[in-house]
Amino acid sequence: MIWAVALSAGALVASGAYLALSRDALRAVVGVSLIGAGANLVVLSAGRLDAVMPAFVPEGASRLADGAANPLPQALVLTAIVIGFSLTCFALALVMTIRQRVGDTDSTGLRAAEPPAGADGLPAFPDDER
Amino acid sequence: MNADLTSLVVVAPLLVPLAAAVASTVSAGRPRVQQAIGLGGAILLLGSALVLARAVAAAGQVRTALGGWDAPFAIEFVADGVGASLVVLAAVMGLTALLFQQDDTDPAPASPAFVPLVHAFLAGACGAFLTGDLFNLYVWFEVVLIASLGLLVLGKERRHLDGALTYFVLNVVGTLFVLVGVALVYAATGHLNYVAIAHATMADPYRVLPFVAVLSVGFLVKAGAFPLFAWLPATYHTLPAPALALFAALGTKVGVYALLRTGGAVFPTVAPLMSDLLGWVAVGTMVTGVLGAAYHWDIRRILAFHSISQVGYILLGIALGTPGGAQGALVFALHHSLVKGSLFLIAALVCREAGSYDLRHIGGLSSARPWLAALFLLQALSLVGIPPLSGFWAKFLVVRETLVLGHVVWAATALAVGALTLYSMLKIWLEAFWRAHPREDWQPPPGARPASAIAAAGLAAVTTAFGLWPEPVLRFTFMAATVLHTRP
């Protein structure tokens with residue numbers, strides 16, 4: 001089980017890194033979210049995978065039964081999934097806006113934040129753009 | 001103090017900006033109410049930060065465990081000298097940024113999202129400074145990241161979108177390193193609480209060394225360390241001026257703080273195994289940052305690259321691994337945040353008066369605006385480290401501790417980088433202030449802008465006071481570094 005999870009996490013991070021290195025902004029965002037999925041698998045497996053019983057305290061007992069799964073990494077991974085999901089949504093909206101504004105999502109053409117020498121020095125919000 | 005009051009004192013610097021973020025979001029339709037909430041929240045935050053610092057000065061550290069559980073199972077919030085001083089710094093910077101925004105020095109169009117995002121940023125930073133739990137630290141990193149992305153895209157122009165994309169991809173990879181590092185440390189020790197992890201890793205540091213290394217890579221990305229700083233100089237100058245000052249002061253400090261905390265208190269036996277490597281990373285950061293600053297002509301890009309070189313000094317202090325090094329790193333972080341924040345605000349004033357951030361297109365400000373020139377000179381000299389300004393004390397503490405421990409090459413690099421700092425500050429001074437304006441018919445625009453001038457001068461006054469009367473800060477940070485390195 002742990003090997004299957006480890007190999008899946010590795011495969012997710014590898015394919016995510018491949019996509020993230022792409023020149024296309026959309027592929028880069030999908031790649032980063034795949035790396036995030038691999039990271040989430042690592043978080044989940046941090047609590048060990050051999051225990052599969054639901055983490056409920058039996059009636060009358062004061063502690064978890066032997067063989068119960070560790071609930072903490074599940075809570076952690078849930079938090080990480082929510083954060084990753086919201087960041088991916090934000091990034092997809094960002095890429096869509098870039099596509100509308102620039103025409104495509106090829107990041108080699110995106111030099112607006114770092115213009116060639118001699119073309120910078122504008123305030124972040126020049127007056128004439130208001 | 002009773003327990004409830006202690007809890008309130010510790011978590012107030014978190015609750016105030018969170019509440020202000022919510023209240024200013026709700027009041028987004030009414031700009032005046034929103035501005036009042038923003039400024040009021042920032043003043044309240046400063047007040048609660050000072051109360052916390054007082055409590056910490058009296059007790060060494062104050063902690064509170066939420067939810068009625070005992071440590072190490074509760075999520076703890078711990079304020080010691082390091083956390084409390086950085087919370088005070090965050091409050092000062094938040095107040096300054098919101099004050100600066102009150103007039104039209106920065107031509108950013110008023111956005112209803114600005115005030116909520118600034119307070120969310122402050123909440124994330126204060127949360128990171130105060131938490132006593134490793135996973136919680138990751139969550140506060142993400143809060144800072146989300147607020148930063150919001151501030152980056154406020155402008156909606158092409159360069160803001162471009163900058164935000166760069167910032168997103170590189171920083172998310174950084175936080176994913178943090179997340180995986182947290183998971184691996186938990187898998188190895190079964191703990192997330194700082195104190196519990198410190199106990200669990202005491203005996204066999206080599207077992208968790210690779211996991212701490214993964215964690216530290218994430219923190220180094222966030223801190224803007226060599227060679228992982230590419231996101232910083234590519235994006236900072238697309239921000240509106242007050243947000244830029246906030247980023248320059250707190251953006252990298254969250255990562256630096258995490259390294260200081262984990263190195264000093266969470267993994268005290270693991271960190272020494274990595275200290276040589278971290279020292280050379282610090283040297284690389286100092287040198288590349290200051291060389292990048294020498295290349296640029298846009299004042300903001302000079303200052304942004306220069307921030308990287310200053311992060312190098314802080315990392316050097318952390319790498320030394322002694323209480324003296326930690327004190328140097330903390331004093332340097334406080335000094336650099338205040339000085340660099342005010343320099344970015346001064347740069348915005350320069351741009352408003354002279355018409356551009358590009359040094360090749362401006363000049364003549366020393367005669368047209370002598371008060372601005374004096375303000376810049378004061379802060380630039382402090383950055384270089386001229387006594388008796390605050391930069392001198394910061395550099396002195398770091399370099400002295402480096403020499404005491406016998407790292408001559410690192411100390412020599414730190415001093416040489418100081419000389420190159422003087423070069424880039426002189427470049428701004430000569431081009432923007434000393435020489436005549438390249439357009440002969442140039443006149444500075446009419447009208448006074450008191451709010452932004454007060455914001456920039458206020459920060460300068462704080463750093464100058466620290467330089468002239470360093471004793472309280474030095475005493476507080478000495479106590480902070482000692483507590484940080486005390487084994488529980």
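Guide: Helices here are DSSP runs of H or I with at least four residues, numbered from the N terminus. The model is predicted.

Visitor: OK. How much space lies in the largest pocket?

Guide: The largest pocket holds about 650 Å³ of space.

Visitor: And how many residues line the largest pocket?

Guide: Its lining has 21 residues. Lying nearest the centre are A:Leu72, B:Pro72, B:Phe73, B:Ala74 and B:Tyr186.

Visitor: Which helices supply at least two residues each to that lining?

Guide: Helix 3 (71–102) of chain A and helix 5 (134–152) of chain B do.

Visitor: Which one gives the most?

Guide: Helix 3 of chain A, which contributes five residues to the lining of the largest pocket.

Visitor: How do the residues of that lining divide into nonpolar, polar and charged?

Guide: The lining of the largest pocket has 14 nonpolar residues, six polar ones and one charged one.

Visitor: Changing topic, how many cavities of 30 Å³ or more are there?

Guide: The count comes to three cavities at that cut-off.

Visitor: How much space is in the largest cavity?

Guide: About 100 Å³ of space lies in the largest cavity.

Visitor: Which residues lie nearest its centre?

Guide: B:Val144, B:Tyr167, B:Asn171, B:Lys222 and B:Gly251 do, out of 13 residues that line the largest cavity. Helix 5, helix 6 (158–189) and helix 10 (241–266) of chain B each give two or more residues to this lining.

Visitor: Where does the largest share of that lining come from?

Guide: From helix 5 of chain B, with four residues. By class, the lining of the largest cavity divides into eight nonpolar, four polar and one charged.

Visitor: Next, how much space lies in the second largest cavity?

Guide: The second largest cavity has about 50 Å³ of space.

Visitor: What lines the second largest cavity?

Guide: Its lining is made of B:Leu86, B:Lys253, B:Val256, B:Tyr257, B:Leu260, B:Ile314, B:Ala329, B:Leu330 and B:Ala333. Two or more residues of this lining come from helix 10 of chain B, and likewise from helix 13 (323–354) of chain B.

Visitor: Which helix gives the most there?

Guide: Helix 10 of chain B, with four residues in the lining of the second largest cavity.

Visitor: How many residues of that lining are polar?

Guide: The lining of the second largest cavity has no polar residues; eight are nonpolar and one is charged.

How values were computed. Residues numbered from 1 in each chain as written. Chains lettered and ligands numbered in written order. Predicted model: local features only at pLDDT ≥ 70, side-chain atom pairs only at ≥ 80, totals over all residues. Heavy atoms only, no water. 1 Å grid on protein atoms, 1.4 Å probe; cavity = no way out; pocket = protein on both sides within 12 Å on 5 of 7 lines; lining within 4 Å. Points joined across faces, edges and corners; volume = space filled by probe spheres on them. Nonpolar A, V, L, I, M, F, W, Y, C, P; charged D, E, K, R; others polar.
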